[in-house]
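Subject: Structure handover

Hi,

Here is the structure I said I would pass on. Have a look at it first, and then read on for what turned up.

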Number of protein chains: 2
Amino acid sequence: MEKFENIERKNKELINLNPIQTGGKLTKPAQKALVEFGNGYSIYDISPGLEIMEVPLIKEFIQEALPKFLGADIVRIVLGVREGIFNIMHSIIKPGETILVDGNRHYTTIIAAQRAGLKVVEVPSSGEPEYKINVEDYEDLIKKHKPALVLLTYPDGNYGNLPDAKKLGRIAKKYKVPYLINGAYTVGRMPVSMKELGADFIIGSGQKSMASSGPIGILGMDKKWEKTLLRKSKIYPQQEIEFLGSELRGTAIATLIASFPTVLERVKNWEKEVEKAQWFSKELEKLGLEQMGEKPHKHDLMFFKADAFYEISLKHPRGRFFLYNALKKRGVTGIKPGLTKYFKLSVFGISKLELKQVIIAFKEILETA
Amino acid sequence: MEKFENIERKNKELINLNPIQTGGKLTKPAQKALVEFGNGYSIYDISPGLEIMEVPLIKEFIQEALPKFLGADIVRIVLGVREGIFNIMHSIIKPGETILVDGNRHYTTIIAAQRAGLKVVEVPSSGEPEYKINVEDYEDLIKKHKPALVLLTYPDGNYGNLPDAKKLGRIAKKYKVPYLINGAYTVGRMPVSMKELGADFIIGSGQKSMASSGPIGILGMDKKWEKTLLRKSKIYPQQEIEFLGSELRGTAIATLIASFPTVLERVKNWEKEVEKAQWFSKELEKLGLEQMGEKPHKHDLMFFKADAFYEISLKHPRGRFFLYNALKKRGVTGIKPGLTKYFKLSVFGISKLELKQVIIAFKEILETA
């Protein structure tokens, strides 16, 4: 039983390039909020006697701060991006209908559609090396399949590609198809506005990109979906059926709120994050690696092809795990163990000094392995 | 923006009788795990290179420790009891079908059924003062409505009544109706075995009764439901459709694991918790309050009727909020502000010494208000 009590992370002192983790580090205020609201249901202590959604701080956060932040009319807290996607699919689409998604979509988009009983048609990417989604390709498929929803992963979680979401907004409007943006890697990292992109829905991830503990996400919507997505129970007229009543049960909401001011500021630095990513990409390419996905890259999440590491792995006593171990020895983690030829990483929030250490690590490994 | 960063609890130094909070206080190991895994997705650091469900510690917890603890064949981590109830309803019942639930069910049981498009028939309680659910009453309604599921809230969250769950198991078996136990206030507080009660499913709450941060729950099931509830995606054969892939994204799972050894021990003390509840109930009745719900009571969650407080509230300058404030002055919180005549509370995990302070507080308020 002791091992359960002593559950602990590994490698927490290392530079961590794992794309699902770089945007989820708690801010100082969120670290405080985490401990303050660690006990189950302690969020209910925030203002005794008020329904949780009526607490002024919560109300202002959900009804004012978040809608403004997302460029949305209405925002709801959800349990994560995948759950938010399912909430929408389950509310506005009938089983058997078809949706149109980008070929770079996250696997949970497919699973959510299957859970909702939907057919899925994919808009293929351009394939290696850029894996670009040309949003104009949606148009013919809209005409052909008459989908009940178009979904765009913006950016995708593999290549960090940012398709032309605004143009897809115009196409969706032209054909009157509801348009959902999976913003797991935009919301909280870069400026993004649902309205400006012409979308009906946008979903962000607390744990992936809003410096929050999880599981939590935020779902922004156009007010025209209020009656559908926020349909109320007749028996409990305060309760939204699709969200099973209040979702504010945990620690994550406190960290999301406490990190929010920092998140609001950090998206203003996005250009610097992009410059840093482009610089890092160039440095790795100087070493012979090849950055896949769009170039010049416009996001901190990047995918690399590294034939040289693959060659080494074929002869190395630790085989395909050599790279993970060699990086770890040099203070770097976050690239999936076992990968050598293709891997993704993120430089979000990592200083240039630390990234120089990463570059030196790659260089040394290439030279000495 | 500062107010978001400084989000904080109130009354955290007081004795807290709130039934949704007494079982959710983190243990010391869980407090450590909370901080260790506070960052979003940091659970993925636990064992780099393994799928999260393949990490030996996680595997042992979910595949061995929890099934044994629940008396279930298979256990899945869910996002909460309401989500677990919906998972079952959405997987094993067709929209339009009828389910049979106890009249003391939580409001989210109704909302989940509405979300799944089900009809709900309720088995009424005996009403004031005991609000007893006589499980034999399920039988006629099963014959009449041929429900696709029977659900029992065990105990309910208002009166803390423990109906004869085992007898309902025999009835469900006789009519071959799937049987779901909402164990939000049993699992983690008292010994309970799904198999012994003859149920197909049982769901427990991390934040309500397993000393965990939330949102998290555990869903135990009979293996005969594996193919239905755990149906896999053909495209992603590892992924369970109903659970949208892995649910292990947050901080809560780490606290659930770290608290588990303590939880396993504490359920052995259940008789003492019941004795304490009965003693507390008698002491309040000596003051003129009336305990509603089953008597002698078999659970820490209790409902009281207090005409005397109601009478005071009619004349008190603070009106119906006087009781909340008067208790707070005396170091006690957790009874809903504004309530005087009827209120619920829980004595779980609260020492007799602290409860004496609560009793004295009630006494003083009655004498001086």
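Through which surface do the copies meet? They meet through the same surface, because 100% of the interface residues of chain A are also interface residues in chain B. Before going further, please keep in mind that this is a predicted model.

**How the chains are related**

Chain A can be laid on chain B by a rotation of 180° with 0.0 Å of shift along the axis, and the RMSD is 0.0 Å. That is the relation of a two-fold axis.

**The A–B interface**

In the contact between the chains, 76 residues of chain A touch 76 residues of chain B. On the chain A side, the elements that give two or more residues are α1 (2–5), α2 (28–36), α3 (56–70), α4 (81–92), α5 (107–115), α9 (206–209) and α11 (252–266). Of these, α5(A) gives the most, with seven residues. Sorted by class, the chain A side has 35 nonpolar, 26 polar and 15 charged residues.

**Domains in chain A**

Chain A splits into domain 1 (14–22 + 269–368) and domain 2 (28–266). Their C-alpha centres are 29 Å apart. The contact between them takes 16 residues from domain 1 and 18 residues from domain 2. On the domain 1 side, strand β10 (residues 301–305) of chain A gives the most, with three residues. That side of domain 1 is made up of eight nonpolar, four polar and four charged residues.

**A strand pair in chain B**

Now for strand β2 (residues 74–78) of chain B: is it largely enclosed or largely open? Four of its five residues are buried, so the strand is largely enclosed by the rest of the structure. Its pairing with β8(B) is antiparallel and runs over five bridges. If you want a spot to look at, B:V78 stands opposite B:G217 in β8(B).

- The peptide bond joining B:G214 and B:P215 is cis, with omega about 0°. B:P215 is in the loop between α9 (206–209) and β8 (217–221) of chain B.
- Another cis peptide bond runs from B:K295 to B:P296, with omega near -10°. B:P296 is placed in the loop between β9 (290–292) and β10 (301–305) of chain B.
- B:K176 is not a glycine, but has a positive phi, near 55°. You will find B:K176 in the loop between α7 (165–174) and β6 (179–182) of chain B.
- B:A211 also has a positive phi near 55° without being a glycine.

Over to you now.

Cheers

Methods
Residues are numbered from 1 along each chain as its sequence is written. Chains are lettered from A and ligands numbered from 1 in the order in which they are written. This is a predicted model: local features need pLDDT of at least 70, side-chain atom pairs count only at pLDDT 80 or more; totals for chains, interfaces and linings use all residues. A residue is buried if 20 or more other C-beta atoms lie within 10 Å of its own, exposed if 12 or fewer, and partly exposed in between; C-beta atoms are placed from the backbone. Two strands pair if DSSP finds at least two bridges between them. Two residues are in contact if their C-beta atoms, placed from the backbone, lie within 7 Å. Ala, Val, Leu, Ile, Met, Phe, Trp, Tyr, Cys and Pro count as nonpolar, Asp, Glu, Lys and Arg as charged, and the others, Gly among them, as polar. Domain bounds come from an automatic or database domain assignment. Copies are superposed by least squares on the C-alpha atoms of residues with pLDDT of at least 70 in both.
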